[in-house]
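User: I am new to this structure and would like to go through it with you. Could you show it to me?

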Amino acid sequence: MNMLELKDLTKKFGKKEILKEISYNFETGVYGLLGPNGAGKTTLLRCITKLYPISSGSIVCFGSDIAKDSSYKDNIGYLPQKFGLFKELTVHEMMCTLALLKNINKEEIESEAQRCLSLVNLSDKASCRVKTLSGGMVRRLGIAQALLGNPQIILLDEPTSGLDPEERLRFKNIISSIDDTHTIIISTHIVEDVEALCDTVLIMNEGQIVNSGSCAEIQDCAKGKVYELYEQDIRLLAEPYYLQHKTDRNGVKLIQILSSEKQNGGSIHEISPSVEDGYICTLKNI
């Protein structure tokens with residue numbers, strides 16, 4: 001049985017259609033949701049959490065329509081894009097309050113709060129008020145509350161936003177430590193996080209899932225379309241092409257481009273694609 005199934009999911013705000021008949025089956029594993037701003041990623045997560053009512057279609061979890069399942073939200077962990085609840089409470093008080101709201105057994109609340117704070121390395125901040133935490137600590141606290149109760153479906157909206165490299169590594173270790181009986185959906189614009197963590201990549205654009213597959217399958221979308229060359233040879237390129245990166249390697253200025261046209265001449269040579277290359281090729285129809 002699929003953990004989570006979207007069936008022709010549509011969401012409108014007034015006459016504007018934000019999500020357009022999305023259908024997808026989520027099984028266990030880690031899913032990366034990539035897309036430009038305005039693609040509908042956050043709206044999709046909010047529909048799955050029931051924060052937004054859907055306009056048409058359905059969302060099915062464990063075989064039941066969530067619209068008819070009042071206990072569904074107890075099995076969801078959610079980190080919103082902006083998290084900062086209960087700023088006057090201590091970190092420990094906030095975690096216990098949210099555990100109560102999630103209907104976690106009272107006898108388990110204390111140990112569960114401690115477990116989740118330990119996972120994100122915030123145990124030493126338990127007695128601090130939320131308002132005194134740094135931005136990165138607040139983000140980690142948001143991740144901790146999403147894990148309360150060990151939900152089977154975990155939705156994380158831009159979880160590494162504002163985290164320093166060490167904290168991002170800790171986040172990756174947290175996700176890697178969660179056993180494979182969960183469905184984890186990570187909405188992000190950081191392709192590197194998707195490559196490091198996700199079993200499946202979903203690319204959204206203009207309210208639709210326009211491509212999906214493993215990291216290797218997304219990379220293949222750019223196969224034969226990625227070239228590197230000395231910047232001085234840019235005049236040799238055949239149109240159309242999309243400038244991807246500029247780098248300086250040992251004092252030599254290089255550029256990387258994406259193009260569906262065969263490129264040759266001078267220093268131009270084809271290189272292996274990355275997930276980011278496949279993502280851009282999908283969005284730009286290269």
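User: By class, what residues make up the lining of the largest pocket?
Analyst: The lining has 9 nonpolar, 3 polar and 3 charged residues. Here Ala, Val, Leu, Ile, Met, Phe, Trp, Tyr, Cys and Pro count as nonpolar, Asp, Glu, Lys and Arg as charged, and the others, Gly among them, as polar. Please note that this is a predicted model, in which local features need pLDDT of at least 70 and side-chain atom pairs count only at pLDDT 80 or more, while totals for chains, interfaces and linings use all residues. Residues are numbered from 1 along each chain as its sequence is written, and side-chain values use heavy atoms, with hydrogens and water left out.

User: What counts as a pocket and as a lining residue?
Analyst: On a 1 Å grid over the protein atoms alone, a pocket is an open set of points with protein on both sides within 12 Å along at least five of seven lines; a cavity, by contrast, is a set of points where a 1.4 Å probe fits but cannot get out. Lining residues have an atom within 4 Å of a point.

User: Which residues lie nearest the centre of the largest pocket?
Analyst: Of the 15 residues in its lining, Lys-73, Ile-76, Tyr-78, Lys-102 and Gln-145 lie nearest the centre. Two elements give two or more residues to this lining, namely strand E6 (76–79) and helix H2 (91–101). E6 gives the most, with 3 residues. Helices (H or I, at least four residues) and strands (E, at least two) are DSSP runs, numbered from the N terminus.

User: How much space is in there?
Analyst: About 410 Å³ lies in the largest pocket. A volume is the space filled by probe spheres set on the grid points, which are joined across faces, edges and corners.

User: What lines the second largest pocket?
Analyst: Its lining consists of Pro-36, Asn-37, Gly-38, Ala-39, Gly-40, Lys-41, Thr-42, Thr-43, Gln-81 and Glu-158. By class these are 2 nonpolar, 6 polar and 2 charged residues, and the volume of this pocket is about 160 Å³.

User: Back to E6: are its residues buried or exposed?
Analyst: Both faces of E6 are covered, with Ile-76 and Tyr-78 buried on one side and Gly-77 and Leu-79 buried on the other. Buried means under 20% relative accessible area, exposed over 50%, and partly exposed in between, using a 1.4 Å probe and protein chains only. In a regular strand the side chains alternate between the two faces of the sheet.

User: In which sense do E6 and E7 pair?
Analyst: E6 and strand E7 (residues 153–157) pair in the parallel sense over 4 bridges. Tyr-78 stands opposite Leu-155 in E7. Two strands pair if DSSP finds at least two bridges between them.

User: New topic: what is the strand order of the open sheet of 4 strands?
Analyst: The order is E12-E13-E11-E14, and the pairing is antiparallel. Strand E12 (242–249) and strand E14 (269–270) stand at the edges with a single partner strand each, so one side of each lacks a neighbour in the sheet. Helix H8 (residues 275–284) packs on this sheet and touches E11, E12 and strand E13 (252–258), a contact being heavy atoms within 4.5 Å. The direction of H8 makes about 155 degrees with that of E12. Such angles run from 0 to 180 degrees between N-to-C directions, with axes fitted to C-alpha atoms, for helices over the stretch in contact.

User: How many residues of E13 are buried?
Analyst: E13 is mostly covered, as 5 of its 7 residues are buried.

User: Which residue takes a positive phi in the hairpin of E12 and E13?
Analyst: Asn-250 does, with a value near 55 degrees, and the hairpin has 2 residues between the strands. At 79% relative accessibility, Asn-250 counts as exposed. Asn-103 also has a positive phi, of about 65 degrees, although it is not a glycine. Asn-103 is found in the loop between H2 and helix H3 (106–119). Most residues other than glycine have a negative phi, and most peptide bonds are trans.

User: Where is the cis peptide bond?
Analyst: It joins Glu-239 and Pro-240, with omega about 0 degrees. Pro-240 is in the loop between E11 and E12.
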